[in-house]
Amino acid sequence: MTVQARRPAWRDGLAVLALILAWLAATAWMRPLMLPDEGRYATVAWEMLRSGDWLTPTLDGLPFFHKPPLFYWITGAALSVLGPSEMAARAASLAGATLGALSLYIFTRRWCGPQAARRALWVLLVQPLFYVGGQFANLDMLVAGCITATILALAHAALCFEQGQPHRRVLLLAYGLTALGVLAKGLIGFVIPSMVVGLWLVLRWRWRTVVALLSLPGLVVFLLVAAPWFVAMQQRFDGFVHYFFVVQHFQRFAADGFNNVQPFWFYPVVVVVCSLPGILWARPLLARGYFTASAPRSEVRWLMVLAVGCVLLFFSLPQSKLVGYILPAVPPLAWLIADASVVSGDSSVRRRWWWATLVLSALLGLAVVVGLALDQRHSRRSLGLALRAQHQPGVPVFMLNTYLYDVPFYARLQEPVHVVDDWSNPEIARRDNWRKEIADAGKFAPDVAARLLLTPEALPQALCRQSVSWVIAAQDQRGRYPFLAQAEAVYTASGETLWRVDSRQGAQFTALNCSGTPNGG
């Protein structure tokens, strides 16, 4: 029998929403953007805002199709309201975490009662991986929130159908959430919810429910939300579909040419370690009879176990693994921890230990954020701010043998920078790094790439065409580019230096071997 809540869920919705946002956003401003991920995605959103082209994501002015646009749309909108700040850059991740947490609360409240919903919510919010991921500016938490909400919406529709209750509206919502998941990070927004809910229904022999969840109106909603962007990009850029789906999905999943190669057991270990100390309460999950509880709690337990298992298995198959990929497993695991913690009783001693566990988990998450705020080796915020303080509109910026993703964001550059490297080197196509990202993007706009992607041999002539230029490079590049010895070093941080190059000055003019009159700069 369904546990009836004392009050309608919507009455608690605003309070829970405010709680989630206040907790996750309280420290989201504390630390600078981290390289590479946070700097990359925030800068793509910044370029979308400054260019006014809300359809085509660009990295340094070049079409960037590693990921779909939902993160950039949300972040760009936040940047337009809050300005280029860390809080705005993390708005999409905060939105994803909020969606996932709120969905878990509402679903649990409906099918297991308000007490279970509150307990699950507390466990989820203090999970260090969820807390940090909710304020980390990349696509993982956004798609994790969409996946969690989709699974729970589909499960809610299924349970309503099985009890003879209305289910079509929430089913349409589930299809819409699936489309948002696809727009957040591609096919996993569809594949993982389908895998989890499909297996959940098949193992329970609910074939009629499977058919009931196949909705033609839902498919229309899905296509109306998800398809237009993909169609528009294929019309604009020949080869987009192959690059986005074949290269960035299937090849990335199956091939071993990408970074972060880890063994098969990597994610189970990560989940256990990052769920400490709360995971210690999960021992009853292994007890006999845990899954034979009365309905609907038993069905929900199976759903959560399958959600954790499917996510772990799916992302353990490819060799390339990043910690953020496993975020869709965190909400169902938090639910299981919360549920298991009350199976063997609720004495006063256990309650005290329970709250101690929650506090310790929260402190661990806060410690990670504070540690990252104090250790800023993975950010070039200070360099970007130094450039912003002195840069004038129209003066070109050159980056030598590097692309510091966050510098354009912090410097609020209105134009792409010139990136200097050996772009004819075949190794660029083999290694998954910033060079390959920019080179791949350049293939979709070769005319723009020819202007922005320069070889070392072409650099002096490009500098000579301007009276003043700004150059960013590692300090050890002075031997490769002798003219830097004559340039003015304006700022240095973390081994990177900002130089002001004035081709009108005699020493710099000679070092560059300028043979003509520079343009005004």
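## Exercises on a predicted chain

With 521 residues, a compact globule would have a radius of gyration near 24 Å, and the protein chain agrees at 26 Å (taken over C-alpha atoms; the rule is 2.2 Å times the number of residues to the power 0.38). This is a predicted model: local features need pLDDT of at least 70, side-chain atom pairs count only at pLDDT 80 or more, and totals for chains, interfaces and linings use all residues. Residues are numbered from 1 along each chain as its sequence is written, and side-chain values use heavy atoms, leaving out hydrogens and water.

**Exercise 1.** Work out which parts of the chain Glu86 and Arg381 tie together.

*Solution.* Start with the contact: Glu86 and Arg381 form a salt bridge, their closest N and O atoms 2.9 Å apart (a side-chain nitrogen of Lys or Arg within 4 Å of a carboxyl oxygen of Asp or Glu). Finally, check burial: Glu86 has 10% relative accessibility and counts as buried (under 20%; exposed is over 50%, partly exposed in between; 1.4 Å probe, protein chains only).

**Exercise 2.** Find the salt-bridge partners of Asp339.

*Solution.* First, Arg297 meets Asp339 at 2.5 Å, N to O. Then Arg301 meets Asp339 at 2.7 Å. Now compare burial: Asp339 is buried at 4% and Arg301 is buried at 8%, whereas Arg297 is partly exposed at 24%.

How values were computed:
Helices (H or I, at least four residues) and strands (E, at least two) are DSSP runs, numbered from the N terminus.
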